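I opened this entry to record what I looked up, step by step. The notes follow the order in which I checked things.

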Amino acid sequence: MSNSELATSYAALILADDDVEVTPDKLQTLIKAANIDDVESIWTTLFAKALEGKNVKDMLLNVGSGGGAAAAPTGGAGGGATETAPEEVKEEKKEEEKEESDEDMGFGLFD
């Protein structure tokens with residue numbers, strides 16, 4: 001990662017920590033206050049557009065949570081979901097067994 005990217009990343013984190021909207025102008029202001037002169041304006045624009053409308057703090061807190069996962073069922077519906085889970089596992093095992101039988105075609109790689 002280049003110094004420009006690092007400086008812009010840190011500036012975005014500082015703004016997010018202070019609950020300030022991340023804009024290219026604010027990023028440039030922070031970068032110049034840190035006496036970093038070699039940051040092109042394209043970096044601040046890219047970072048500002050990438051973070052537009054997003055809560056950076058939530059993004060950092062949910063790094064390993066796998067953002068696209070569905071919520072777990074609650075209440076009475078949860079009991080029904082746990083009962084069907086073993087059936088799904090059995091079906092998957094049957095499919096794997098069928099695939100294994102296709103591999104034995106009467107000849108080997110080194111025969």
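How many helices and how many strands does the protein have? I counted five helices and zero strands. Read from the N terminus, the order of elements is α-α-α-α-α. I note at the outset that this is a predicted model.

**Confidence**

I looked at pLDDT next. The average for the protein is 74. A score of at least 70 is reached by 59% of the residues. Where is confidence lowest, and where is it highest? The lowest is in helix H5, residues 76-103, with a mean of 55. The highest is in H2, at 90. Where pLDDT is low, the predicted coordinates should not be read in detail. I therefore leave the coordinates of such regions alone.

**Burial and contacts overall**

I checked burial over the chain. The protein has 111 residues, and 18% of them count as buried.

Two packed helices are described by the angle between their axes and the distance between the axes. I looked up both for each pair.

Helix H1 covers residues 3-17. Its axis and that of H2 come within 9 Å. They cross at roughly 110°. Angles of 65 to 115 degrees count as roughly perpendicular, so H1 is roughly perpendicular to H2. The crossing is right-handed.

Which residues make this contact? From H1 I listed Ala7, Thr8, Ala11, Ala12, Ile14 and Leu15. From H2 I listed Lys26, Leu27, Leu30 and Ile31. By class, the contact holds eight nonpolar residues, one polar and one charged.

**The loop between H1 and H2**

I stopped at Asp19, which sits in the loop between H1 and H2. Its phi is positive, about 55°, although Asp19 is not a glycine. Is Asp19 buried or exposed? Its relative accessible area is 65%, so I put Asp19 down as exposed.

**H2 against H3**

Helix H2 runs over residues 24-33 and helix H3 over residues 41-50. I found that their axes come within 8 Å and cross at roughly 130°. That angle makes H2 oblique to H3. The handedness of the crossing is right-handed.

On the H2 side, the residues in contact are Pro24, Leu27, Gln28 and Ile31. They meet Ser41, Thr44, Thr45, Phe47 and Ala48 in H3. I sorted the contact into five nonpolar, four polar and no charged residues.

**The loop between H2 and H3**

Asn35 lies in the loop between H2 and H3. What is its phi? I read a value near 60°, which is positive in a residue other than glycine. Asn35 has 64% relative accessibility and therefore counts as exposed.

**Ser41**

At a relative accessible area of 49%, Ser41 is partly exposed. The cut-off matters here, because exposed means over 50%. I also checked Ser41 against Ser4. The two are 37 residues apart in sequence. In space, C-alpha to C-alpha, Ser41 and Ser4 are 9.7 Å apart.

Notes
Residues are numbered from 1 along each chain as its sequence is written. This is a predicted model: local features need pLDDT of at least 70, side-chain atom pairs count only at pLDDT 80 or more; totals for chains, interfaces and linings use all residues. Side-chain values use heavy atoms; hydrogens and water are left out. Axes are lines fitted to C-alpha atoms, for helices over the stretch in contact, and angles run from 0 to 180 degrees between N-to-C directions. Helices (H or I, at least four residues) and strands (E, at least two) are DSSP runs, numbered from the N terminus. Angles under 35 degrees count as roughly parallel, over 145 as roughly antiparallel, 65 to 115 as roughly perpendicular and the rest as oblique. A crossing is left-handed if the near helix is turned anticlockwise from the far one by less than a right angle, and right-handed if clockwise. Contact means heavy atoms within 4.5 Å. Ala, Val, Leu, Ile, Met, Phe, Trp, Tyr, Cys and Pro count as nonpolar, Asp, Glu, Lys and Arg as charged, and the others, Gly among them, as polar. pLDDT is the predictor's confidence in each residue, from 0 to 100. Buried means under 20% relative accessible area, exposed over 50%, partly exposed in between (1.4 Å probe, protein chains only).
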